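Colleague: I have not looked at this one before. Could you put it up and take me through it?

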Amino acid sequence: MTHTHIRIFPDTAALAEAAALYIVGQAQAAVAARGRFTIALSGGSTPKVLYEHLLQGARPSQFPWNRTYVFWSDERAVPLDDPRSNYRMAYETLLQHVPLPKEHMHPMLSNGDDLDSAAQHYERVIQGRVPGMPPRFDLLLLGLGPDGHTGSIFPHSPVIQEQHKLVAATPVAPLEPPVRRITFTAPLINAAAEVLFLVAGVDKAQRLQQVIEGPRQPEALPAQLVAPTDGALIWMLEQGVAQQLSQDTITRYG
Ligand code: 6PG
C-alpha cells in the first residue's frame, strides 16, 4: 500500500530547507534501524537547491555520511565531468564537500555507446549494495518534468512498460539536454521505502494537478507510475506548483 503525503511550502528555499531536514532525519533513522542509509539522487534545478541546503542549512556534521550509500535515479549519457551530468551537479554542489567514503558513491557510468550494458551493470551494482528483492532504497528523490516525466521516463517511452529490468537505457530525451539517458524503472522505484518528489514552479501547476488528480494515463504522464507498493510517496511542493490542487486533495494527504 502507498502512503501518500503532500506538503506545501511558500517558496523553493523553504521547500529545500524542509526537505534537507527531512532527509537528515530519515538518514539517522535508517542507520539506527538498519545500520545504513541508501539514497538515490536526481538531477534538475530543484534538487540543486536541496543539495545546497543539505550542505549549509542542515548541519552536515549530523549526517551519517560514513553509513550512507549514494546512487542516482537517472543520468544523462554524457561523461561524468560534463556540465550536463547529474552526478557532476550533485558532486560539485554537495558530495565533494562531505565525508562520504568514495566507495559509497555510485555514479551511473553512462558515457559510451552501449547504454544497455551500462544499465545492466548499474543494476548489478545496486543489487550488490541495496538489500531486498527488488532492492529497497530507503529514500529515492525524483522531480517532475513539465511534460509529466520523472527520472528519465518520458511520455510514450518504451521504458514505461518495463516490468523486469530495474535500470534501463532510454531513447534520446525529447527535452534538454537531447541525449540518451539511463533511468530507474517503475519496478525499482516502487520497491523503495520512500519516494520524495520535489516540485516547484507555477509553470508545472497544471501538469502536477493532472498527475495527482487526473485520470490514470501513465503513457502520457509517466510520473503516475510512481506508487511505492509498500512505502511512502511524499510530495514536497512550492505553493505556486500546488495552486491547481483541490482543497480536498490537500486535506486528504496533508
Ligand atoms: C533530469 C532529471 C529530471 C528532473 C525533472 C525536474 O535528469 O533532468 O532527473 O527528471 O528531475 O525534469 O527537473 P527540475 O527540478 O529542474 O524542474
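Modeller: The protein chain carries 20 positive side chains (Lys and Arg) and 24 negative ones (Asp and Glu), with His and the chain ends not counted. The centres of the two sets are 5 Å apart, taking NZ of Lys, CZ of Arg, CG of Asp or CD of Glu as the place of a charge.

Colleague: What kind of model is it, and how are residues numbered?

Modeller: It is a predicted model: local features need pLDDT of at least 70, side-chain atom pairs count only at pLDDT 80 or more, and totals for chains, interfaces and linings use all residues. Residues are numbered from 1 along each chain as its sequence is written, and side-chain values use heavy atoms, leaving out hydrogens and water.

Colleague: How many helices and strands?

Modeller: The protein chain has 7 helices and 9 strands, taken as DSSP runs (H or I, at least four residues; E, at least two) numbered from the N terminus.

Colleague: How much of the chain is buried?

Modeller: 54% of the 254 residues, where buried means under 20% relative accessible area with a 1.4 Å probe, protein chains only.

Colleague: Now α1. Which residues does it cover, and what is its reach?

Modeller: Helix α1 runs over residues 12-34 and reaches 32 Å from first C-alpha to last, close to the 33 Å expected at 1.5 Å a residue, counting one less than its number of residues.

Colleague: Which of its residues are buried?

Modeller: Among them are L15, I23, V24 and V31. The buried residues of α1 pack against several elements, including β1 (2-9), α2 (45-56) and β9 (231-238), with contact meaning heavy atoms within 4.5 Å.

Notes:
Buried < 20%, exposed > 50% of the residue type's maximum accessible area, 1.4 Å probe, protein only.
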